[in-house]
Amino acid sequence: MRTIKSSFLVAAFLMLLLEFTPKARSRVDVVYHLRKYGAVVSGADVSQALANAWKDACASVRPSAVVIPRGIFKVSKGNFRGPCKSRIEFRLRGTLQAPTHPKGESWITFAYIDRLTLLGGGVFDGQGKAGWEKNDCHKSINCAKLPISLRFDFITNSTVKRITSLDSKHFHVNILGCNNLTFHGVNIIAPEDSPNTDGIHIGRSKGITITKSRIATGDDCISLGDGSKRIKVTNVTCGPGHGISIGSLGRYTKEEPVKGVIVKNCTIMNTTNGVRIKTWPASADTGTATNMHFVDIIMVNVSHPILIDQEYCPWNQCNRQIPSKIKISKVTFKNIRGSSATPVAVKLICSSGLPCDEVKMTDIDLTYTGIQGPVTSQCSNVKPILSGKQNPRICSSPYVFS
């Protein structure tokens, strides 16, 4: 009897403990289903119904969820703002479609929310084909901005998982002023020739994690702007696109430092760049980018697998003769292997005004099988610290200091 009683007490204790586990706490108490807010049928415009459901859920003092059912629904614009009174979920099971004709600088915005979870396996369809032919921001500074599909402004302690962003007209995801935000199992899809369709762009945010995601775009899969701190990217497959980039930095005044970036266990395929740090020459102001580490990366047919470019000047929008004022330091490239689509597999072009410091190259093994010659590297204004395998020979030609 004592044994049975002891077992019962143990079981009761475990059940009580379960009530306080993170899994138990993730439950919601109130569900605001979109169908409760009108005749929601596939093909309908649900903009107002969705706004009403969000308003009620955000006002709930108990954990709540907005639920969008399966089907295809039109949303002219979505502005989901907090602060909310409790935890809140946005469960997208169907597809939300943006207007075909571009309007404004954003389509769906989540702002000023703590403890948001966006999930459900659904699709945000930006219908980008209607806007790409009007997008010339890759050529002109004074271009007309097209809508970003998903904005996350000042979001804290939140998660985005198992959703798809399809064919954004501009950036797919833009993150600004966020803290402790995780993207897990996210799919981002756009054609290789779609202009400025960056997958995830991060700016002035900290504690951002992107993991187990697939990104295929016409621009950077992931790009980090100024003020990006404690950023972790793991198990991401990127391509096509322009790779995973820090920067560009130095284009504007009063940019904040970039610090603490880890990119690890990623595969980059058929992109113009692999892992890249880019800053503008003739920088508007001084700045720093430090403590950045690229580790265990597989490259498949990547044009520039490893690149530091402090002469980044697309479409000659700046003066390359004036050195960049962004100081790059404490950079690691480790265990990067695979194939380069061009003979120059490693290119480290640092600022003549502020040469790069503490750039470590360890176990680099990149091959080139084309007809333009053997695999090589190019370097200027940097003396990297080498260890392990070096293929190509890193900075084998004399160091160039301008």
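Is Cys318 buried or partly exposed? I looked this up before anything else. Cys318 counts as partly exposed, at 23% relative accessibility. My cut-offs: buried is under 20% relative accessible area, exposed is over 50%, and partly exposed is in between (1.4 Å probe, protein chains only).

**Ground rules**

I am working on a predicted model, where local features need pLDDT of at least 70, side-chain atom pairs count only at pLDDT 80 or more, and totals for chains, interfaces and linings use all residues. I number residues from 1 along each chain as its sequence is written, and side-chain values use heavy atoms, with hydrogens and water left out.

**Disulfides**

I looked for disulfides, meaning pairs of cysteine sulfur atoms within 2.5 Å. The structure holds 5.

I went back to Cys318. Its disulfide partner is Cys313, with 2.1 Å from S to S. Cys313 is buried, at a relative accessible area of 3%.

Next I took Cys221 and Cys238. Their sulfur atoms sit 2.1 Å apart in a disulfide. The link is right-handed, with 80° about the S-S bond. It joins distant parts of the chain, 17 residues apart: Cys221 is in the loop between β17 (206-216) and β18 (222-224), and Cys238 is in strand β19 (residues 229-238). I take strands as DSSP runs (E, at least two residues), numbered from the N terminus. Cys221 is buried at 0% relative accessibility. Cys238 is buried too, with a relative accessible area of 0%.

Then I checked Cys379 and Cys395, joined by a disulfide with S to S 1.8 Å. The torsion about their S-S bond is about -80°, so this disulfide is left-handed. The pair links distant parts of the chain, 16 residues apart, with Cys379 in strand β28 (residues 376-380) and Cys395 in the segment after β29 (385-391). Both Cys379 and Cys395 are buried.

Cys266 is buried, at 1% relative accessibility.

**Aromatic pairs**

I searched the whole structure and got 12 aromatic pairs. Rings of Phe, Tyr and Trp (its six-membered ring) pair if their centres lie within 6.5 Å; planes under 30 degrees apart are stacked, over 60 edge-to-face, and the rest tilted.

Tyr112 and Phe154 are stacked, with 5.0 Å centre to centre and 15° between the planes. Tyr112 is partly exposed at 39% relative accessibility. Phe154 is partly exposed at 36%.

I turned to Phe294 and Phe333. Their centres are 5.2 Å apart and their planes at 10°, so they are stacked. Phe294 lies in strand β23 (residues 287-302) and Phe333 in strand β25 (residues 326-340), so the pair ties together parts 39 residues apart in sequence. Phe294 is buried at 0% relative accessibility. Phe333 is buried, also with a relative accessible area of 0%.

**The annotated histidine**

Which residue does the UniProt annotation "active site" cover? I found His242, in an unreviewed entry. Such annotations may be inferred rather than shown by experiment. His242 lies in the loop between β19 and β20 (244-249). It is partly exposed, with a relative accessible area of 25%. I listed what His242 touches (heavy atoms within 4.5 Å). Leaving out residues up to four places away in sequence, its contacts include Gly218, Asp219 and Arg276. The backbone oxygen of Gly218 lies 3.4 Å from a polar atom of the side chain of His242.

Technical notes: Helix = DSSP H or I, 4+ residues; strand = E, 2+ residues; numbered from the N terminus. Polar contact = N/O pair within 3.5 Å; in protein donor to acceptor, adjacent residues only side chain to side chain.
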